[in-house]
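Subject: Model handover and notes

Hello,

The structure is below, followed by my notes on it. Please read the notes with the model open.

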Amino acid sequence: MNINLKIKDNKIYSHIRGKWLVLTPEELVRQEYLLQLINNYGYSLEQIDEEVETTGRGSGGARADFVIWRTINDKKNKMAPLIIVECKAENILLNDDVSLQGELYARQTNAPFFVTHNKRESRYWKVNKEKLPGYRIEIEDIPKANSNEKEINDLLNKLKVFKENEFADLLHQCHNIIRNREKLDPAAAFDEIAKILFMKVFAERNLKVDMKGNIFTLEYIEQGEMFNPDYIYDIFEKTKREFGKDKLFKKDERINLKTNTIKSIIEKLERYNLSATSTDVKGIAFEKFLGKTFRGEIGQFFTPRKIVDFMVDMVDPKEGSTVCDPASGSGGFLIRVFEKVRNQILQSVDQDYKKHKEIIESRKDISVVEKAELLLKKFNELMVELDNNKEGSRLWTLSNRRIYGTDANERMARTSKMNMIMHGDGHGGIHHHDGFLNINGIYEERFSIVLTNPPFGQLVDMNDEIQNNQVEDDEDVINHYKNIYGDAYEKIIIRNKATVGKPILKLFSLPKSSSIKTELLFIERCLDLLIPGGKLGIVLPEGILNNSSLNYVREFVEERAFIRAIISLPQDTFASTGAKVKASVVFLQKFTNEEKQQWMELMSRYNEKEIEKQKDERHYIENKLIQKITIKEKNDLKKRKDELDIHAYQNARNSSKCDINYQVLFYEAVNVGVNAAGEETENELPVLIDKYRKLIDNNFHSEVIIQYVEGLQNPIYYAEFKDLKKWTIPVKLLLKYNNPNNWPIRKISEFTTQLTHKVPVLPDEEYNMVGVKWYGEGTFYRETVLGEEISAKWLTPLVENSFIYNRLFAWKESFALVPIEHSGFFVSNEFPQFKIDEEIMLPQFLYFLFTQPFLIEAVKLLSAGSAAVSRNRFKEEDFLEFEVPVPPISIQKEVIDQYMFAKAESEEFRRRANEIEKESKEKIRDFISNQIKG
């Protein structure tokens, strides 16, 4: 027997208690859920009790909203109930606190199942009685009234948890059905399964809104076909209209699958109710499905969720933040921002309601009914702010005016929209467009936060010209966005039309040649999109941080933004998504207008001072240039003038960096929550967020330069901006921490000369080639080869006692001194060698220094490329600029003498051990010989 909701005169009827109650928001949610228990699950009023004390002590402090018994007799005999229901108002999140409350009620009454419900969603649980509270298991559903003992036991023992891995696997099964039966390529198969998923969402939202359960079932579809053979395809047409404003599907688009294939997929999916399922579960599953499906198919990879979560938490979006990802891919960053801010809004509304409730309930001048009226009025006002369909509400504003993304790949842009819907909403600002161009709501100086993982390695060149179809020309669309963004958008339209036919590169300042890598161009684009003071989190290949040839890129950024933190990620972070790059996450904060002006004024003032110092030489050059001189002399003078300009600029930059100095957080991450196989692992990144917050609170200044923190595998380094030559931990910082005796710090170039003498390779000559072993094992003879077999045109002859290293493997401690037996042998240009001034530094001591872990760590940081791959040269200029502690020669000799003594002692032990082993073998041989003779 079904029941209906009864409300009149600000009162609501309780069918369980048989009386009218004051209509409060909480009571409304409770009585509405009772309808589901009676009408959909089939329980009777006699099986249910309401507002039940679970402690049995009459304290009134622990009351379950509903207690449901297996039978009426069980209730009469006060047996343990079957289900406990905990209801919350719509604005209250079903978080761990709510789940724990429901679990405790279930444990107190010995109920095996419990439900948490807040009108927007329901979550179902079974109690894990073998463990302490907190170890509960989320399940797909609760038993219906007509479930027999076997079905209930199956729920307890066999019911699978609706977890993202399971659902992701199910999506893959559906994907394979399409590929195998319809012979579609993976991407086309994905398009078809996406259509069915949206049909399922549409059906669950609209076709039987009064029913609880999984309604898009094979049985349901076949019933519809009895009256209309095209029932499935009609549902798709309605689905297209439902999502028409999102332009997910073309007007003439159809499902390109056979009816039986569609039915097979529906049958696979029917045990899951997507509308009732947590958006967390749906969203994560969909992302995992996307990552696996698209890996390698279209050359894109997705940022692992743990990295996305970390980056979002670091930039800390708030309600009112306007966020963009100009290379949005599957929309991971935007989804996480939406979820984070949506929860902030829900919590804010909950707090507002609680405060208002306290005030109302404390009043003694009004009746209980009047209090309820005021509470309900306030509650309804607050609920308007959570109405995603109400223009201007807080959630509507978040979904439609705060989150923007674009992707140049049409399928990825559509996937991003779908992914956002799977996670709840927030898809209104997602577009299919080139991320380098202004479109709709995405244009310069508009966003408080930009988060992105741009494509790596692709080139943008002068042939990439802006096309007509890349500029919005639909008048209705233009007018729509003019109404939203006003004059700013009108200016964008005018500028866009003027760029048609011109290279994209002409829109940017960074390109120094006819082509540039996309990741470099995205750095400039992201900074342009930010408002003054806006924050950027971007994933970049580590070569950008330390490659000498990209110094101009780092300088470009440093003159426009603060470097706030750089977190180096493990080599295999993106391996599961098909990428092999070693990357770091870089956090920047764009200068405010005042900070930008300060930097420009500092640069101008210091540059003038530097030019003043060069006054005499500049005056000489200017006078010479107006005289009658040769072209070579003129070119030499111009070259020298350029050198003076560069020198003045660099000195001015260094001085300005000192004046505007701040600290940058560096960390080399080991555990980031995902391994090479895509499996979840330990994650130390959340620990960094707290440390970063403290750095912010102290105005980006830490009292320590290095900090060991529980939960982190490596120390955190706080580097001074003025010391940064590259975006790596400065060697000076490492030396400061590892130099307790305060020995003088000197550049290697101050006591070292590179040996540059080379000999030409002659085809008929033989050359003895030498290499340098790893991990301090010295040089070794490699082979003797004819000159005709050597690709190099020049070789370097070795000099006794010179210092030598392998540029490719310096990070593996490939340093050595040339022994006398290898003097005159040869090496290629990958093995630079140096003569050491022994009045300052003894070669043997320098070699010892380069076996120390902290210096090898510095070598890794300075190597051009990643220390985890083979092509990461430690260039000669970096070696010569390297700073090392230089103790007095007497101390250096003492260290060397100790080493030589220890080495001689160990060799003596080894010689003696060999003698003992030899003597033992002789004794054994003699013993055996005597036994045979005897």
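This is a predicted model, in which local features need pLDDT of at least 70 and side-chain atom pairs count only at pLDDT 80 or more, while totals for chains, interfaces and linings use all residues. Residues are numbered from 1 along each chain as its sequence is written, and side-chain values use heavy atoms, with hydrogens and water left out.

Thr 779 and its surroundings

Leaving aside residues up to four places away in sequence, Thr 779 touches Val 770, Gly 771, Val 772, Lys 773, Ile 804, Ala 816, Leu 817, Pro 819 and His 822; contact means heavy atoms within 4.5 Å. With His 822 there is also a polar contact between the two side chains, at 2.8 Å. A polar contact is a pair of N or O atoms within 3.5 Å; within protein, one must be able to donate a hydrogen and the other to accept it, and residues adjacent in sequence count only if both atoms are side-chain atoms. Thr 779 belongs to strand β28 (residues 779-786). Helices (H or I, at least four residues) and strands (E, at least two) are DSSP runs, numbered from the N terminus. The relative accessible area of Thr 779 is 12%, so Thr 779 is buried. Buried means under 20% relative accessible area, exposed over 50% and partly exposed in between, with a 1.4 Å probe and protein chains only.

Ser 814

Ser 814 sits in the loop between β30 (803-805) and β31 (815-817). Because its relative accessibility is 0%, Ser 814 counts as buried. A polar atom of its side chain lies 3.3 Å from the backbone oxygen of Lys 773. Not counting residues up to four places away in sequence, Ser 814 touches Val 772, Lys 773, Trp 774, Tyr 775, Ile 804, Tyr 805, Asn 806 and Phe 809. Ile 804 is 10 residues from Ser 814 along the chain, and their C-alpha atoms are separated by 8.6 Å.

Val 323

Val 323 lies in strand β10 (residues 323-325) and counts as buried, at 1% relative accessibility. Among the residues that Val 323 touches are Leu 334, Val 337, Ile 403 and Phe 447. Val 323 and Gly 405 are 82 residues apart in sequence, and 8.3 Å apart in space from C-alpha to C-alpha.

Covered helices

Helix α18 (residues 518-529) is mostly covered, with 11 of its 12 residues buried. Its buried residues include Leu 520, Phe 522, Glu 524 and Arg 525. Helix α14 (residues 394-401) is likewise mostly covered, with six of its eight residues buried. Those residues are Arg 394, Leu 395, Trp 396, Thr 397, Leu 398 and Ser 399, and they pack against α12 (332-362), α13 (368-385) and β11 (403-407).

Helix pairs

Helix α11 (residues 305-315) and helix α24 (residues 685-697) pack at an angle of about 10°, with axes 10 Å apart. They are therefore roughly parallel to each other. The residues making the contact include Phe 310 and Met 314 of α11 and Leu 688 and Tyr 692 of α24. Axes are lines fitted to C-alpha atoms, for helices over the stretch in contact, and angles run from 0 to 180 degrees between N-to-C directions.

Helix α21 (residues 593-613) and helix α23 (residues 631-659) pack at about 135°, with their axes 8 Å apart. That angle makes α21 oblique to α23. Angles under 35 degrees count as roughly parallel, over 145 as roughly antiparallel, 65 to 115 as roughly perpendicular and the rest as oblique.

Regards

How values were computed:
The expected span of a helix is 1.5 Å times one less than its number of residues.
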